[in-house]
Amino acid sequence: MRLPAWLAQHLAALRALLVFTVLLGLAYPLALVAVGRIPGLDGKADGSLVTAGGKTVGSSLIGQSFADADGNPVPRYFQSRPSAAGDGYDPTSTSASNLGPEDIVDTTAADPAGSTQSLLTQVCARSKAVGELDGVDGRRPYCTADGVGAVLAVFRADGLTGPVTRVVSVNQTAPATPFLAEYRGVPVELAEPGQDYRAAGATIVAIRGDAPGEPPVPADAVTASGSGLDPHISPAYAGIQVARVARERGTDPAEIRRLVGAHTTGRTFGFMGSPGVNVLELNLALDERFPAR
Amino acid sequence: MTVTTAGVLFIVSLLAALVAVHKPFGDYLYRVVSGTRHSRVEQGIYRLVGVNPAAEQSWGVYARGVLAFSAVSILFLYGFMRLQNHLWLSLGFDPVIAHGAWNTAVSFVTNTNWQWYPGESTMGHLVQMAGLAVQNFVSAAVGIAVAVALVRGFARSRTGELGNFWVDLTRILLRVLLPIAVLGAVVLMVGGAVQNLSGGTDVTTLTGGTQTITGGPVASQEVIKELGTNGGGFYNVNSAHPFENPTTWTNWIEIFLILLIPFSLPRVFGRMVGQNRQGYAIVAVMAILALASITLTNVFELTGNGTVPQAVGAALEGKEVRFDVSNSATFAAATTLTSTGAVNSFHDSYTALGGGTLLVNMMLGEVVPGGVGAGLYGLLILAVITVFVAGLMVGRTPEYVGKKIGSREIKFASLYFLVTPALVLIGTAAAFATGNNSTALNVGPHGMSEVLYTFTSASNNNGSALAGITVSTPWWNTALGLCMLLGRFLPIILVLALAGSLARQQPTPASEGTLPTHRPLFVGMVVGVTVILVALTFLPALALGPLAEGL
């Protein structure tokens with residue numbers, strides 16, 4: 001019996017798919033799993049796991065959080081970048097924040113659980129917290145002194161034009177003090193929780209303020225990475241943490257700085273990527289060399 | 001060394017490597033698709049599949065082969081995901097939800113690799129390696145095969161024969177993709193990419209917390225994801241994940257793999273039509289627009305305009321320290337220029353104009369250099385449109401590499417060009433009309449950008465995302481599945497029909513009135529036609545999204 005051409009063609013397609021599934025979907029990856037068992041390569045193929053005191057404590061390629069159970073930074077350790085992966089550095093829930101460059105207005109609600117921080121406020125709050133932890137100036141452009149985005153909703157008499165009639169600091173609610181007393185002669189109000197001033201017709205204006213153009217808290221300390229698992233921090237961010245770690249461990253900052261240098265990788269071949277400090281490896285070396293008192 | 005110098009050297013080194021290999025590698029590809037000998041393994045495969053490798057196919061038979069193979073693949077992949085809980089290595093995951101399995105099956109078969117799901121918590125290892133990664137190989141091979149069939153249409157005369165789909169598919173898989181994948185996977189493993197079947201290792205961190213270090217056959221999937229310009233990540237965060245892209249030099253290798261085949265195929269075109277200079281003209285168009293785009297993306301990201309980047313001091317949100325701003329921007333431009341869609345940083349947090357450039361890269365129709373195969377046939381369509389436009393302007397006969405561009409040919413080319421803009425704009429309008437744009441994470445112009453980017457990515461078979469938008473709903477999965485399906489196979493049918501029509505013609509010898517299509521003038525005209533067509537089609541939509549946000 002001869003099959004109709006269309007059916008014969010689909011059967012050939014199915015047979016081809018099965019042949020290629022066996023070859024490319026089983027033989028190829030499993031052969032590479034076998035290659036990954038070669039001594040020297042096996043550690044990497046299994047995820048570059050690192051051990052301390054005989055126990056596996058993580059992977060040298062995967063960042064981790066050095067905070068206590070309440071989420072507060074443990075001061076004797078160098079801190080990683082902020083992370084958007086699950087509750088932070090969760091490899092089963094990797095993610096970036098995906099918030100855009102003009103995400104600057106918080107959603108405030110009477111119930112704090114219903115409120116969400118804009119990316120700008122997250123950056124400002126992190127900068128303030130890092131500044132306080134490491135004793136440096138945590139101020140940033142477009143941030144208020146209390147660590148939220150310095151953003152105004154400006155109402156004008158004729159919508160987009162005309163004299164200013166009302167000004168609200170959208171990311172500040174009571175009991176805060178408005179970061180500006182007045183704008184164009186109009187006193188600045190605090191935001192009421194649950195209000196959407198943009199929908200009410202206001203223009204959103206970010207206020208730069210007088211913070212230094214190059215803040216002492218580096219960019220990587222206030223931004224979440226793409227993976228949420230970034231194992232590195234910049235040498236600059238490690239630099240501002242040296243004094244605190246030295247104090248906590250009762251040792252000379254110069255010793256700590258030397259250890260940071262030993263765990264800093266430069267650009268590959270001098271031009272690929274960016275210098276970085278592997279935080280887990282650095283902290284493991286700290287525990288070994290300078291155990292906390 | 002300054003950040004800018006390092007970033008420029010990174011781009012220059014990639015360019016130098018591509019210039020060095022595109023000729024020998026293109027020549028190798030040419031021998032693969034034009035040879036007449038079949039290896040013993042290939043003969044065995046033809047016997048198992050039940051096809052005669054010596055039989056030549058008309059455009060209709062070739063197209064039906066592509067469509068049958070793709071239809072069977074979609075059904076197989078759909079069933080695989082729906083039944084994964086009964087299979088080995090499922091890691092305890094549930095079957096993939098019906099509308100999601102449809103979307104993902106179409107997504108991987110169409111070389112899009114749009115992902116609505118987080119890989120590490122949705123797909124078991126077996127589905128990843130024997131389902132999704134197999135499509136990474138074969139969908140790439142299908143794209144190259146169709147491009148080769150179109151070039152045969154230019155190269156052959158007075159014949160209905162365009163080659164044999166099964167032979168092209170098998171040879172591209174066995175002689176090109178598989179050997180490079182094996183080599184590349186080992187290289188990535190040396191860098192630290194994982195390759196095991198582990199379901200994860202639970203560890204107690206230094207401060208007493210818990211963390212699960214995931215495993216999986218990652219390196220083997222990572223390499224073909226880049227080489228085949230697929231882009232579907234093993235993990236949710238794709239090539240930003242340290243297990244997919246562990247170091248600064250694996251990042252270089254991955255970008256190189258993305259660009260390798262698309263930039264080598266014009267050489268194959270030149271060899272097959274017997275005029276290498278025609279191939280150089282095509283590769284010049286690709287290189288000019290690609291370099292312009294990579295430069296623009298780097299400039300916008302390194303300048304870091306926008307309120308949050310200004311507050312931070314750099315456009316570093318969503319980017320890794322090891323790649324920093326410049327190497328992230330270069331990857332992002334490469335992945336959107338090639339229909340890959342893999343990401344090593346998150347485009348949603350890019351500056352408005354940087355992200356807008358990535359959007360325009362896709363809107364160019366994925367032709368500079370475009371996806372494997374799809375880039376070449378897309379650009380050849382634009383070259384056909386250019387000779388037609390030029391012919392109208394100066395009153396010369398429209399001809400391209402010895403073939404007349406008559407009304408039948410220009411109809412196929414025009415319809416080809418109209419498919420994706422129609423899908424993008426109708427899809428975006430439908431999302432707003434039905435209120436489904438409300439799943440965007442960001443508000444205002446950026447929310448508009450998220451919706452527009454989503455439809456542009458799906459319809460052009462790219463697969464990258466402004467990932468803040470939630471697309472795991474039935475409406476989004478269904479609509480995007482349709483866009484990917486139509487955006488892939490309508491153009492393929494039109495390309496093969498054009499190939500059939502060209503192959504039947506007798507060659508037209510070049511005369512005084514023929515427009516030379518290898519000179520800088522023609523290169524400039526193709527660049528102009530490409531940019532103008534895109535601008536005319538998409539400027540209003542762009543004005544509402546990235547331009548409104550960034551200006």
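## Helix H1 of chain A against helix H5 of chain B

In this predicted model, helix H1 (residues 5-35) of chain A packs on helix H5 (residues 125-155) of chain B. Their axes lie 9 Å apart, at an angle of about 110°. Angles of 65 to 115 degrees count as roughly perpendicular. H1(A) and H5(B) are therefore roughly perpendicular to each other. The crossing of H1(A) past H5(B) is right-handed.

On the H1(A) side, the contact uses Phe20(A), Thr21(A), Leu24(A), Gly25(A), Leu26(A) and Pro29(A). They meet Met129(B), Ala130(B), Ala133(B), Val134(B), Phe137(B) and Val138(B) in H5(B). Sorted by class, the contact between H1(A) and H5(B) has ten nonpolar and two polar residues. No charged residue takes part in this contact.

## A UniProt span in chain A

An unreviewed UniProt entry lists residues 12-35 of chain A as "transmembrane region". In the model, that span is 100% helix and 0% strand. The C-alpha atoms at the ends of residues 12-35 of chain A are 33 Å apart.

Chain A holds an open sheet of five strands. The strand order is E5-E6-E4-E3-E7, and the pairing is mixed. Why do E5 and E7 of chain A each have one side without a neighbour in the sheet? Strand E5 (182-183) and strand E7 (203-206) stand at the edges, each with a single partner strand, so one side of each is left without a neighbour there.

## Strand E3 and its partners

Strand E3 (residues 151-158) of chain A runs antiparallel to strand E4 (residues 161-173) of chain A. Six bridges join E3 and E4 of chain A. Two residue pairs can be picked out. Ala153(A) stands opposite Val168(A) in E4(A). Val154(A) faces Val167(A), again in E4(A).

E3(A) and E4(A) form a hairpin, with two residues between the strands. In the turn, Gly159(A) has a positive phi of about 80°.

E3(A) also pairs with E7(A). This pairing is antiparallel too, over four bridges. Here Leu152(A) stands opposite Val205(A) in E7(A).

Definitions and conventions
Residues numbered from 1 in each chain as written. Chains lettered and ligands numbered in written order. Predicted model: local features only at pLDDT ≥ 70, side-chain atom pairs only at ≥ 80, totals over all residues. Axes fitted to C-alpha atoms, helices over the stretch in contact; angles between N-to-C directions. Parallel < 35°, antiparallel > 145°, perpendicular 65-115°, else oblique. Left-handed = near helix turned anticlockwise from the far one by under 90°. Contact = placed C-beta atoms within 7 Å. Nonpolar A, V, L, I, M, F, W, Y, C, P; charged D, E, K, R; others polar. Pairing = 2+ DSSP bridges. UniProt positions renumbered as here; feature names shortened; annotations may be inferred.
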